[in-house]
Amino acid sequence: QTGALGGGPPPAPPRSFAVLYRTNAQALLFEKELLRQGVGYTLVKARSFFQGKEVRDALCYLRLLRSPSDDLALDRIANVPPRRIGPASWATVVEEAARGGLRLWDVVERCAGVGEKRGAPAGGA
């Protein structure tokens, strides 16, 4: 507004401004104020809440709770948070599942020894 008061260059058109922010939480504050002020704006490369990595990971956990046969969900979160499962180890799990016609969850359970009695010899004796 200094240009309008005669003290400087004319005001720049709104399209010559940009607001850069790092998190979506910051965007909400800017959006609310721009709306309150009646200033038009365009979001560029805005990301939906559900496109965030953390949200997609959480949704995969929920999908697995509903259906342990959801191989896509398990593949996404197998090492989230980090569980020291390297790419080669996970590739072995995926190959074993494919070779045996099993769900990834079945192979993971087998690797973890789920369902086996501790200290009992193999074969159920």
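Reply: Start with a definition. On a 1 Å grid over the protein atoms alone, a pocket is an open set of points with protein on both sides within 12 Å along at least five of seven lines, and its lining residues have an atom within 4 Å of a point. A cavity is a set of points where a 1.4 Å probe fits but cannot get out. This is a predicted model, in which local features need pLDDT of at least 70 and side-chain atom pairs count only at pLDDT 80 or more, while totals for chains, interfaces and linings use all residues. Residues are numbered from 1 along each chain as its sequence is written, and side-chain values use heavy atoms, with hydrogens and water left out.

Me: Which residues line the second largest pocket?

Reply: The lining is Tyr61, Leu64, Leu65, Leu74, Ile77, Ala78, Arg83, Ile85, Trp90, Trp105 and Val108. α2 (53-66), α3 (71-77) and α5 each supply at least two of the lining residues. The largest share, three residues, comes from α2. The pocket holds about 170 Å³ of space. That volume is the space filled by probe spheres set on the points, which are joined across faces, edges and corners.

Me: What makes a lining residue nonpolar, polar or charged?

Reply: Ala, Val, Leu, Ile, Met, Phe, Trp, Tyr, Cys and Pro count as nonpolar, Asp, Glu, Lys and Arg as charged, and the others, Gly among them, as polar. The second largest pocket's lining divides into ten nonpolar, no polar and one charged.

Me: What is the largest pocket like, by volume and lining?

Reply: Its volume is about 690 Å³. It is lined by 24 residues, and Ala18, Val19, Leu34, Tyr41 and Thr42 lie nearest its centre. By class, that lining has 15 nonpolar, five polar and four charged residues.

Me: How many helices and strands does the chain have?

Reply: The protein chain has five helices and zero strands. Helices (H or I, at least four residues) and strands (E, at least two) are DSSP runs, numbered from the N terminus.

Me: Why is Asp57 called buried?

Reply: Buried means under 20% relative accessible area, exposed over 50%, and partly exposed in between (1.4 Å probe, protein chains only). Asp57 has 7% relative accessibility, so it counts as buried. It is found in helix α2. It touches Arg76, Ile77 and Val80, not counting residues up to four places away in sequence. Contact means heavy atoms within 4.5 Å.

Me: And why is Ala58 called partly exposed?

Reply: Ala58 has 39% relative accessibility, so it counts as partly exposed. Ala58 is also in helix α2. Its C-alpha atom is separated by 8.7 Å from that of Ile77, 19 residues apart along the chain.

Me: Why is Arg84 called exposed?

Reply: Because its relative accessible area is 85%, Arg84 is exposed. Arg84 lies in the loop between α3 and α4. It has a positive phi of about 60° although it is not a glycine.

Me: Where does the chain have a cis peptide bond?

Reply: The bond from Val80 to Pro81 is cis, with omega near -5°. Pro81 is found in the loop between α3 and α4. Most residues other than glycine have a negative phi, and most peptide bonds are trans.

Me: Which residues meet where α4 and α5 are in contact?

Reply: Trp90, Val93, Val94, Glu96 and Ala97 in α4 meet Leu104, Val107, Val108 and Arg110 in α5. By class, this contact has seven nonpolar, no polar and two charged residues.
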